Amino acid sequence: MSAKAIYEAKGKELLNKCLEGVSIKNKYAVVTEDVNWGQLVVDNPWLNTEKLVVKPDQLIKRRGKLGLIKAGTDLDGVKEWLKPKLGQDFTIGRAVGRLKRFIIEPFVAHEQNEEFYVCIYSGRYNDTLLFHHEGGVDIGDVDSKAVKLEVPVNGELSSSDVENKLLPNVPETAKPILSKFILSLYKTYQDLFFTYLEINPLVVTGDNVYVLDLAAKIDQCAEYLCKAQWGDLEFPPPFGRDALPEEAYIAELDAKSGASLKLTILNKTGRIWTMVAGGGASVIYADTICDLGGANDLANYGEYSGAPSEQQTYEYAKTVLSLMTEEKNPDGKLLIIGGGIANFTNVAATFKGIVRALREFQQKLIEGNVSIYVRRAGPNYQEGLRIMKELGNTLGVPIHVFGPETHMTAIVSMALGKRDIPTDPKPMPTTANFLLPSSNAGASPAPSRKGSSADLTKVPDTAQPINIDSSTANVQTTPLFTKGTKAIIWGMQQRAVQGMMDYDYVCSRKSPSVVAMIYPFTGDHKQKFYWGHKEILVPVYKNMADCMKKHPEADVLVSFASLRSAYESTVETMTYPQIRTIAIIAEGIPENLTRKLLQTADEKGISIIGPATVGGVKPGCFKIGNTGGMLDNILSSKLYRPGSVAYVSRSGGMSNELNNIIALNTDGVYEGVAIGGDRYPGSTFMDHILRYQEDPEVKMMVLLGEVGGVEEYKITAAMKDGRITKPLVAWCIGTCAKMFTSEVQFGHAGSCANADAETATAKNQALSEAGAHVPKSFDELGHLIKEVYDELVSNGTIIPKPEVAPPTVPMDFAWARELGLIRKPASFMTSICDERGQELLYAGIPITDIFREDMGIGGVLSLLWFQRRLPRYATKFIEMCLMVTADHGPAVSGAHNTIVCARAGKDLISCLTSGLLTIGDRFGGALDAAAKQFSDAVDSGDRFGGALDAAAKQFSDAVDSGMIPMDFVNTMRKQGKLIMGIGHRVKSINNPDMRVVILKDYAQKNFPATPLLDYAIEVEKITTSKKPNLILNVDGFIGVAFVDLLRNCGCFTREEAQEFIEIGALNGLFVLGRSMGFIGHFLDQKRLKQGLYRHPWDDISYVMPENYGGMNPDAE
């Protein structure tokens, strides 16, 4: 998520840094349950000399009204007041929580008329400042009392605006002081990426300004920009819900992963547990459980999505199961493993991780009388469901497994006894060969629930009507995509591009929609893709300007840029008038940057889909990236030709589920867009609904909204004034929120209600009253869509068209292998090294065993290379480096050359030289550069194997320049440079390279100091938050660790150590170590008597000029 509340103490610490000279510096002391009063007084001597105020610092509102503030007392009085409170339970509304953190501050004596109220919060188009000249606990309804000033995004706040519009009721003597303070406060609000900041009261006595009570939220996504200013930032849970270690563990996994892993424990003793894939789907499952009477038994909320690996899903499932099996329930427990139809997540891979965890907890699951219900679909779901069914035969607990033929939430009804469990569910007629499904696939199962405990369309009495600006000045009513749409892809996303081309082909387009790619981290080149059966080349450009100039026909850009690059690349994109639509896939772009993008897009008339989206699809014309999933789902959902139904959703995962629901119950989708889960999506529900209203081919519309925000009310206003007349089926997810005792932030950043009108229940009620077709729950959505569609068919509005079979698209080799449909003979054999497992093996011996033999070559090298006798820990480290660089399998370029040369009958020296000559910047030379890079950054604040020297130099330069790690990473990104020594093809933060683990542990325990290594580890934390395989690899580690060794072992001056780096001594480690492996490969091939090697021709792509046309000068 994005906006997160912070402790009051932390908020005041940030203000202290930024408001020096504008307000009195806040002094405070934090008291927790394990407080040491003596040490607290030593650290804060003012506690013994001043009158004090004490209050909880746990995100509790209206503390004064609750009797949770003690003012004007001394330290003994504070201690006495805290005795019955600290560590005790306290009830606020329906929430019961323990008071465990308090803040003590100096008491500021003042008069009532010296109290003021100020608040700043962000909206889509502006920041709003609220000010009232009477602050304090009795301020009441501040929205109706306060003066409001709105500052447009990219606008400036002037002192005249503040004084004239915010301070008309303030005494003249206080106006200059308050004006100066508010201007500085707003600048701080912007600079530190606050999203909400409230001070009540703000006290002005004479010339002094005091911040007494403060509440704040900050944009967590801006960490990469503000880490230096923020320092360490903790985001506490809402009062009434303690953060469990298991939640913290999942949050840590999430931070290290490119996927999304979320876990919130609602009721640790509950009997209903969920493991749901997808942010939107996770909310819908929680809704359905609560709707069917399971609110009090719902134990957790969470999600795993974004293509987590098998290991990540194993860790996630293991954590959930450990909590679930802690206590038994006399009625047994239920585990819902659910999800929508995935767009790009390999269902089988994630299920393998879950199956591992289930087997590990087999006995506890049996003892706990657990029943498991599974529903999932998406890429490779058939294999995933198969392994789940096989597990059910051996696990000893009942497992009921369903696919896309079953409504997504039907398993909840089954689990709670509201729906019969089918004994032989009808399978979907889709197979790996992408056959066209038959036309009698059937509609969504009719709702057969035996009862519902909640009326989810009834609006709460506290919901107040709101004013909605439903103007449509900048709404685009022309189609975003056509059958001739041409797109540019930002980012090296081969799988997504191939999926788009396969979709184009199956839609019978005459040419691919993707005309070019932009990737600033490589030079201009071409990438190979398939167009049906043929191979074609797509140009890749380093610079956007070159790409736009050479492809003026492209009017859509699909951006796979990271959250760090997305803003700048989108700003650059919008400078080219040819681009009319931009899809931003990245999740986690700071809200302030997103709002700036939206303003620029509005000014230029550009449509933005996203951020935080999978995209959208227009059947028969165009799809964005991974939208729609694999071809079997595209065919089963009839996305290869247009239907009559257009939809808009926030959730990308649920958009694919909607494709399926609409296909089962109507003639299919005409267009579908997932606007994204962020608070400020680039385009809104209203934008797309009005486009659909103007398109004569759209006969009915579907809206899937959610809790949070007020965009749905613009739809209701347009329906009431007649701008929307077509039938609209609408449902807002998140109805379960009102049943929780504490605030729950759902999977999307915008899925949190800040007012009663933002609840899903209130929105559903308003939509129903405006004339939309609103089901009683998501469980009945498909049935209602079918009812509306059938009515339109019966009155002649929709005339179903006969199905036409689409072209057949061949399956990719890699995917066919993933599905187990083919096998391929190996090109050659090796018997000395295996790098595929968890640990590197040499001739079958684990590398850890080799280290235990304690070889003594390091002492010899210390004399021959450095003319010094290095300490024992240093010589052992050299030996360890040689061991881990000795070999890394037959597939790398050096070993491959040696083997081919040996099989040609060449001698040992020729074969070894053949391998050594491949050592360079890409194979082996990145170590020196990476070490030099990090070294420069620390003091001021290549890709494989032999890249040792390059890594060392690069890391050393960075450390010596004095940059903090965040600035270093940002600088390298802006310069379009790779960080040498960072990244691995196979290993990741969750599947670490055991070589690095071993060496790092040794260095940290035995080296006198490791400043470069510490710096590199901090850089690794940043890079792995973007992508889990951007780890510190073995080259980078040896580079930085060896520089630490040279600089701190006491045997070299700083100049001597630097000289060894510059002259390439570190590469010597690689050359010597790898030579041992090359010789081994030579001997192995001779012993195996392998014949002359010839590379198979079917593994070579022959791309002749005549094969892609336009090269014959005589052609007309």
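In what order do the strands of the open sheet of 7 strands lie?

**Before selecting anything**

This is a predicted model, in which local features need pLDDT of at least 70 and side-chain atom pairs count only at pLDDT 80 or more, while totals for chains, interfaces and linings use all residues. Residues are numbered from 1 along each chain as its sequence is written, and side-chain values use heavy atoms, with hydrogens and water left out.

Colour the chain by pLDDT, the predictor's confidence in each residue from 0 to 100. The chain average is 86, and 87% of the residues score at least 70. Residues 747-753 fall below 50, yet this stretch has 34 contacts in the model beyond near neighbours in sequence; a contact means heavy atoms within 4.5 Å. Residues 937-946 also stay under 50, and the model gives them 61 contacts beyond four places in sequence.

**Stop 1: the sheet of 7 strands**

Select β20 to β26. Helices (H or I, at least four residues) and strands (E, at least two) are DSSP runs, numbered from the N terminus. The order across this open sheet is β22-β23-β21-β20-β24-β25-β26, and the pairing is mixed; two strands pair if DSSP finds at least two bridges between them. At the edges stand β22 (525-531) and β26 (607-609), each with a single partner strand, so one side of each has no neighbour in the sheet. From one strand to the next, the twist averages 25°. Axes here are lines fitted to C-alpha atoms, for helices over the stretch in contact, and angles run from 0 to 180 degrees between N-to-C directions.

Next, display β22 with β23 (residues 534-541): the two run antiparallel and are joined by 7 bridges. His525 is found opposite Val540 in β23.

**Stop 2**

Select β27 to β32. This open sheet has the order β28-β27-β30-β29-β31-β32 with mixed pairing. Its edge strands, β28 (622-623) and β32 (728-733), each pair on one side only. Between β27 (residues 616-618) and β28 there are 2 bridges in the antiparallel sense, and Lys618 has Phe622 in β28 as its bridge partner. Helix α20 (residues 652-665) packs on the sheet, in touch with β27, β29 (645-649), β30 (669-674) and β31 (700-706), at about 160° to the direction of β29. Helix α22 (residues 711-720) lies across β31 and β32, at about 145° to β31.

**Stop 3: His688**

Select His688, in helix α21 (residues 685-694). Is this residue, His688, buried or exposed? His688 is buried, with a relative accessible area of 2%; buried means under 20%, exposed over 50%, and partly exposed in between (1.4 Å probe, protein chains only). Leaving aside neighbours within four places in sequence, His688 contacts Leu480, Val648, Val673, Ile675 and Ser683. With Ser683 the side chain of His688 makes a polar contact of 2.7 Å. A polar contact is a pair of N or O atoms within 3.5 Å; within protein, one must be able to donate a hydrogen and the other to accept it, and residues adjacent in sequence count only if both atoms are side-chain atoms.

**Stop 4: strand β9**

Select β9 (residues 126-132), where 7 of 7 residues are buried. In a regular strand the side chains alternate between the two faces of the sheet. In β9, Asn126, Thr128, Leu130 and His132 point one way and Asp127, Leu129 and Phe131 the other, all of them buried. Strand β8 (residues 115-122) pairs with β9 in the antiparallel sense over 6 bridges, the two forming a hairpin with 3 residues between them. Tyr121 stands opposite Thr128. β9 also pairs antiparallel with β10 (residues 147-152) over 6 bridges, where Phe131 faces Val147.

**Stop 5: Leu253**

Select Leu253 in helix α8 (residues 245-256). Leu253 counts as buried at 8% relative accessibility. Beyond four places in sequence, Leu253 touches Leu261, Glu315 and Asn990.
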